[in-house]
Amino acid sequence: MRHLFLIYGSLVAAAALGQSAAGQGKASAAAKETPAATRARAATSWTHPKTPWGDPDVQGTWTSDDCIGTPLNRPANLGDRLYYTEQELAQRQANLEKQQQNDLVETVAPNARVSTGSPGHWGERARRPCKQTSLVIDPPNGRVPDMLPEAKLRPIPEGAGNNNPKADSWEDFSYYIRCISRGVPGSIFPVIYGNGQQIVQGKGFVTILQEMVHEARVIPMDGRPHASPYIRSYMGDPRGHWEGNTLVVETTNFLGNRTGIVGNGGGTPTSDAMKLTERFTRTSPNEMRYEITIDDPKTYASSFKVGFPLTQEPGYQNFEYACHEGNYAMFDSLSGARAQEKKAAAKAAGAK
Amino acid sequence: MSDRRRACCVLLSTALLFLFAALPGGGQTPARTAPQIPRMPSGKPNFTGLWQVLGTADWDIRDHSAQAGPFFQLGAIGAMPAGQGIVEGGEIPYTPAAAKQQRENFKNRMKLDPEVKCYMPGIPRANYLPFPFQIIQSQRDIAFAYEFATANRVVNMGKAKEAAVDTWMGTSNGRWEGDVLVVDVTGLNGNSWFDRSGNFQTDSTHVVERFTLADADHISYEATIEDPAIFTRPWKISTVIYRRKEKNAQINEFKCVEYVEELIYGDLKKK
């Protein structure tokens, strides 16, 4: 089982992977098909499945892996261009194949510099190149709108993961590192692993089970009103309905000042006024379009939209992510910081 | 038997016969018709809903008297209420060594009980914690979302899968025996307890649960527990799980990690 202490090593790895979506698995026929051909094929040979009680059926274990490494904000030089060109995609496909070859290498050359982070195969890889240049799809420049001045004043938990590892208390760490939650966007936005989303539908309910950090979003579909505004939570209070075959989930009642709009719930914390509207649209047996509108009038000057594909992959499944139960990282970070302080104090005393 | 009493009996028997004859099936079916239960389009019982156990099994699955809690500061709030146990026959058949271990666990429960530390409760404990849980039943698999610690599991109703790794919540493979949902739980990591009294599991504990809708709002719950490492024979728990009927009842969030960090990491904080 993957273990939280590896997050540190993984963060380094994530930085190294950076802008190039890495990939494993052979380039499948589907990956080489043009989007138009895929759509055409889907349109002619596939009808949207229904549950036995008549709702659109969007069940399965879905992953956002294919857009691992795609930045939230579009690099400014790409302007308003949301999609890569065919030529750029071919290059990215080649990068994926190269990455796959690298992943298959099981040994390193003598004297090679190796990291102490997690082995490459612990991470998840895109299987086909992400067509988008950014996860933000609206506004047209693909960038999160300006933050309001008051939002900039909100404290951001530092600690491990940033380059300034203050570790006076667990409260210096993010809610993710503390194994509490990554929030709603942070639990589905593609990161280096743990992108699994298992959807199970019952009559009147849809539930989304998210591997990391073992979230279970139970979404009533019966039109009931939101819970009282006095009941607030990390994952908010979701209500769903169908618009055609699209699952629409509106979530409010957030605690506020906890998690942000970046993978793993990082970034500037959002506020208790945030309202999220998610749209899950299955476009073929193994593809789904995910879009989320983020409306947080206490944090951002305007609302914005993030979108990316979710796919089902052979053999891909959720595992139990027992994060808090195995959070040796917190013990080690705090005890390490105390040991360093003790050493520094002894050195200072010796110098006197 | 006097004639008079004999006549009385004959009369009663005739009346009973008449009563049975009036029922569908001509007296061959039980006097009570089967209760109406929610069903899936396939005809299988539908367990979808919000459920919770009443009682005090979370304190001790065995019969127990009321007693003081571990912290006097909590007063009556922290005290343990008396209650009927859910262990059939009353006794957990521990081996002598395991019985000793349970007593040690109880003594050190504030340090050792995984519930205190907000760890996932495991099976069967998740089902009778004093928190609700939501079942979402699809035409295939069945999801259980527990409020405590956002623990959850998906019962695989397809071809049984071997546990890939040991986990807190185990690997659940389900099947139908008529109207009974039978869930076979393996791959438990052995760190879970059954209750706050130190009754414990190991990584060879095997749990077979049986969920039966007694009527629309009650689940009759049974679990058979076997583990040759600590028990001398398989044993059984049984209780009732109630449907939460309040108009606005819904599963809430109890992410208890932040309530236990001071307890777990307090001594490592910068002074």
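What pattern does chain B follow, read along the sequence? Chain B follows α-β-α-α-β-β-β-β-β-β-β-β-α. The model is predicted: local features need pLDDT of at least 70, side-chain atom pairs count only at pLDDT 80 or more, and totals for chains, interfaces and linings use all residues. Residues are numbered from 1 along each chain as its sequence is written, while chains are lettered from A and ligands numbered from 1 in the order in which they are written.

**View 1. Chain B has 4 helices and 9 strands.** Helices (H or I, at least four residues) and strands (E, at least two) are DSSP runs, numbered from the N terminus. Chain B holds 271 residues, and 34% of them are buried. Buried means that 20 or more other C-beta atoms lie within 10 Å of a residue's own; exposed means 12 or fewer, and partly exposed is in between, with C-beta atoms placed from the backbone. Take the contacts in chain B with a separation of 6 or more: 57% of them join residues 24 or more positions apart. Two residues are in contact if their C-beta atoms, placed from the backbone, lie within 7 Å.

**View 2. An open sheet of 9 strands in chain B.** The strand order is S4-S3-S2-S1-S9-S8-S7-S6-S5, with antiparallel pairing. Two strands pair if DSSP finds at least two bridges between them. Strands S4 (152–155) and S5 (171–177) of chain B stand at the edges. Each has a single partner strand, so one side of each is left without a neighbour in the sheet.

**View 3. Strands S3 and S4 of chain B.** S3(B), residues 142–146, pairs with S4(B) in the antiparallel sense over 4 bridges. B:Phe144 has B:Arg153 in S4(B) as its bridge partner.

**View 4. B:Phe200 in its loop.** This loop runs between strand S6 (180–186) and strand S7 (206–215) of chain B. Is B:Phe200 buried or exposed? B:Phe200 is buried, because 25 other C-beta atoms lie within 10 Å. Beyond its neighbours within four places in sequence, B:Phe200 is in contact with B:Gln101, B:Gln102, B:Asn105, B:Trp193 and B:Phe194. B:Phe231 is 31 residues away along the chain, and the two C-alpha atoms are separated by 11 Å.

**View 5. Where chain A touches chain B.** Here 40 residues of chain A are in contact with 35 residues of chain B. Elements giving two or more residues to chain A's side are strands S3 (196–202), S4 (205–210) and S5 (215–220) and helix H7 (328–351) of chain A. H7(A) gives the largest share, 5 residues.
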